[in-house]
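Here is a briefing on side-chain contacts and backbone details. Please read it alongside the structure.

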Amino acid sequence: MTPPDAQATLAPEDEVVRICSDLIRIDSSNYGDGSGPGERAAAEYVLTELAEVGLEAELFESEPGRSTVVLRLEGADPSRPGLAVHGHLDVVPANAADWQVDPFAAEQRDGCIWGRGAVDMKDMDAMMLATIRHLARTGTRPARDTTVVFFADEEAGGVHGSHWLVDKHPEVFDGVAEAISEVGGFSVTLPTPTGPRRAYLLQTAEKGLAWLRLRAHGRAGHGSVPNDANAVVRLAEAIARIAAHEWPREYVASVRGLLDGVSELTGVPYGADEPSALLATLGGARGFVQGTLRNTINATMLEAGYKHNVIPQTATAAIDCRFLPGHQDELLDTVRELAGEFVEVETVHLDVALEAPWDGDLVESMKQALLRADPDAAVLPYCLSGGTDNKALSRLGITGYGFAPLRLPGDLDFVGMFHGIDERVPVEGLRLGTRVLADFLQNC
C-alpha cells in the first residue's frame, strides 16, 4: 500500500500500473464449469484498496467465491440520471506453457504489462480503482451519482455475476440510466493522405450471443461394421453445413458509422459487397470489425465416443454464435435447419444484441475526454463482435457503451490480445487511459 503522506500527491495514473499488476497476479480464471478459483481474492483486493481511502463497498456472492463488489458514489449533481461504471474480475484460463512469460506474474517488458487479464479486463478495473481512489483522496465527487461495479463471471455469460445481480438485487442500480464498460475508447492508427492519424473507437453496439450445443443421434455398433446412422458422421456433416453457410452481409448503424468515418479519414472507398481494402486500414481492430459485418458461428468443442472400436450412439459439439441486432430469430432458425433431422439443437446460453445512440450528453462527454488528451485524434462509433455485462444491465433499461480508453501502438494486434497468448497492455496507454477516465467521470 502507498504510505499516507505520499497519497495526497498521487494522480490516478501514478498508481494504475501497480493496481493492474496486482490484479493480474491474482488468478481469477473462469473455466465456465465452476471449477476455477472464483473472484473472491480479487474482490477482497478491491475492497482493501477502497477501504484504504475511506470507501466502504458492498460484497455480493451468488455462490461461495463468486464475488461482485458494488460501490455507490454521490455525484456533484444528484438530480441527474445516474451512471454505472463496471468491469469484471474474472479472466479466461491461460496455459502457461504457451506463453513467453508467466501469465500471472504481471511482468513488464517492451513497455507493456504482460499477463492474463491485461486487456480483458483488469486494465480497466485498475483504471476504475485508481480513479476512484483519487476522487476519495481529494474529496472530489463525480459529475453525477455513480454506481461502480466489479462483476463476477462475465467470461461465462454473467450467470453468477451481472445477470444474478440484476435478478436478485436490482436496487443496486436504482436511478442508473447509462453505463460504461469494456472494449471501447481504444485507438487505431489509420493511414491518411496527410500521414498516420489516431482514431478512437467508442463501442455503441454489441452482437448478441447464442451458445448452442449440437447433439447428433445415431445407432451404436461395432467399429468394424458399416453403419449408415453413425452419430459422429451426422454431427460432422451438420457442423460442415453450418460452417459453410454464407450469412448475408449487413451494416448496422454503428458499423456503417465506423466504415463511413474510416473511409473519410483514409480516402479508401468501400462498397456494400467488398470492404476488405478499408478493413485493411484498421490494424489491430480489424478482427473485431470484420466480425460485425454479418452473423458468425464457430464450432469450439467436440465430444463423442469412449472406445476406438465402438461407434457411439450420440455425439455433441459446442458452437459459439454471434448475431447482429435484430437477427436473433433468423440465426436460431437457420442453425436448426442446417443441423438436420438427426441433430438436436440445445440452447446453453442466450443473450441480447445491443445498439445505443451515437449522440447525447454521455457520448459527447466520452468524445471530449478523449480529445482533451489527444487533440489531433478522431472519435468514431463501432460495434463489438463479442459481448459485455451491458447485456444484463439492459434488462433494467440501462443504455450501455464500451469506454475503457487506451492509446495503443499502431502495430499492436489488439484483438489478438483478447483470450489469446502473451496478452499485454502498454504502460503509457494505460496511464493515458486513466487520465481520460478520471476526466470523463468529473465532467460527464
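Buried means under 20% relative accessible area, exposed means over 50%, and partly exposed lies in between (1.4 Å probe, protein chains only). This is a predicted model: local features need pLDDT of at least 70, side-chain atom pairs count only at pLDDT 80 or more, and totals for chains, interfaces and linings use all residues. Residues are numbered from 1 along each chain as its sequence is written, and side-chain values use heavy atoms, with hydrogens and water left out. Helices (H or I, at least four residues) and strands (E, at least two) are DSSP runs, numbered from the N terminus.

**Salt bridges**

- A salt bridge is a side-chain nitrogen of Lys or Arg within 4 Å of a carboxyl oxygen of Asp or Glu. By this rule the model has 28 salt bridges.
- Arg133 and Glu49 form a salt bridge, at 3.2 Å from N to O. The pair links distant parts of the chain, with Arg133 in helix 4 and Glu49 in helix 3 (residues 40-52), 84 residues apart. Arg133 is buried at 0% relative accessibility, and Glu49 is buried at 3%.
- Both residues belong to a salt-bridge network that links Glu15, Arg18, Asp22, Arg25, Glu49, Glu52, Arg133 and Arg137.
- Lys391 and Glu206 meet in a salt bridge at 3.3 Å, N to O. Here Lys391 in helix 12 (residues 390-394) is joined to Glu206 in strand 9 (residues 195-206), 185 residues apart. Lys391 is buried at 3%, and Glu206 is buried at 1%.
- Glu428 pairs with Arg431 in a salt bridge, the closest N and O atoms being 3.9 Å apart. The two are three residues apart in helix 14 (residues 427-443), so about one helical turn separates them. Glu428 is exposed at 56%, whereas Arg431 is partly exposed at 22%.

**Aromatic rings**

- Rings of Phe, Tyr and Trp (its six-membered ring) pair if their centres lie within 6.5 Å; planes under 30 degrees apart count as stacked, over 60 as edge-to-face and the rest as tilted. The structure holds six aromatic pairs.
- Tyr251 and Tyr270 are edge-to-face, 6.0 Å centre to centre with 70° between the planes. Tyr251 lies in the loop between helix 6 (231-244) and helix 7 (253-266), and Tyr270 in the loop between helix 7 and helix 8 (276-279). Tyr251 is buried at 12%, as is Tyr270 at 18%.
- Phe414 and Phe418 have ring centres 5.1 Å apart and planes at 90°, so this pair is edge-to-face. Phe414 is buried at 4%, and Phe418 is buried at 14%.
- One aromatic cluster is formed by Phe186, Phe288, Tyr382, Phe414 and Phe418.

**Charges over rings**

- A charge sits over a ring if NZ of Lys or CZ of Arg is within 6 Å of the ring centre and within 35 degrees of the ring normal.
- The charged end of Arg234 sits over the ring of Phe342, 3.5 Å from its centre. The charged end of Arg424 sits over the ring of Trp114, 4.6 Å from its centre.

**Backbone**

- The peptide bond from Asp120 to Met121 is cis, with omega near -10°. Met121 lies in the loop between strand 5 (112-114) and helix 4 (122-138).
- Val183 is not a glycine, yet its phi is positive, near 60°. Val183 is buried at 8%.
- His419 also has a positive phi, about 65°, without being a glycine. His419 is partly exposed at 45%.
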